[in-house]
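Please read them alongside the sequence and the coordinates shown here.

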Amino acid sequence: MRSYLASLGVAGVVSACLVSGSAFANSMGISGRSGKQGSSLTCAECHTGGSAPTVTIEGPTTLAPGATGNYTLVVRGGPAAGAGYNVAVSDNGGTLNPGTGSYKLSGEVTHKNIQAFSGGEARFDFTLVAPSTPGTVTLYGAGNSVNENGTDQGDASAATTLNVNVATGGGDGGGGDDGGGCAAAGGIPLLGAALVLLGTRLRRRR
């Protein structure tokens, strides 16, 4: 009987460690939960029961090839005691880099620690380095609004995407053609004045 009870105790300790380890890992961020791998693979796979927040990605929707864009995933609403996030980029190019309070995990970016809300929102900054070839890349983002009760119950998340068009810059910087036109137009009266002056000198010599 004692052996049986001891076995139960060991199993309980192991289970508690596994649960605590899982919670600890998620509080320090996670990858593969941005929605890129499927609509069901987001923070909502584990965190449930709370009112859903709104999640958006702010930043430029057009970048030149190889350019770096600054982006922010914003979590608003939900339990709102704290928030975490995960962002991934589509496989056709682009490199993500973490901002302050975030780190890179398996090519994606996520939070180092649960971030407190400020002014009704939690903001996570990161950058995207565009691929060298034109096209459209997609940012996949999931944000989790948590109640900080130490479990995954009573939390809620939402996911979003942002398409970024990678294209070479067009135009001449504005006004390039106009400048050329003005220079050409200005050359006509100058040429006429020079011809008049030359004609006057030739008449004097005669």
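1. Ala-159 is placed in strand S11, which covers residues 153-166. The model under review is a predicted one. With a relative accessible area of 49%, Ala-159 counts as partly exposed, because the exposed class begins only over 50%.

2. Ala-159 may also be located relative to Asn-86, a residue 73 positions away along the chain. Their C-alpha atoms are separated by 9.5 Å.

3. How many aromatic pairs does a search of the whole structure find? The search returns 2. One of them joins Tyr-71 and Phe-126, whose rings are stacked, with 5.9 Å from centre to centre and 20 degrees between the planes. Tyr-71 belongs to strand S4 (residues 68-76) and Phe-126 to strand S9 (residues 121-129), so this pair ties together parts that are 55 residues apart in sequence. Tyr-71 and Phe-126 are each buried.

4. Tyr-85 and Phe-124 also form an aromatic pair. Their ring centres lie 4.5 Å apart, and the angle between the planes is 25 degrees. This pair is classed as stacked because the planes are under 30 degrees apart. Which strands does the pair connect? Tyr-85 is found in strand S5 (residues 82-89) and Phe-124 in strand S9, so the contact ties together parts that are 39 residues apart in sequence. Tyr-85 is buried, as is Phe-124.

5. Strand S9 deserves a separate remark. Phe-126, the partner of Tyr-71, lies in strand S9, and Phe-124, the partner of Tyr-85, lies in strand S9 as well.

Technical notes
Residues are numbered from 1 along each chain as its sequence is written. This is a predicted model: local features need pLDDT of at least 70, side-chain atom pairs count only at pLDDT 80 or more; totals for chains, interfaces and linings use all residues. Side-chain values use heavy atoms; hydrogens and water are left out. Rings of Phe, Tyr and Trp (its six-membered ring) pair if their centres lie within 6.5 Å; planes under 30 degrees apart count as stacked, over 60 as edge-to-face and the rest as tilted. Helices (H or I, at least four residues) and strands (E, at least two) are DSSP runs, numbered from the N terminus. Buried means under 20% relative accessible area, exposed over 50%, partly exposed in between (1.4 Å probe, protein chains only).
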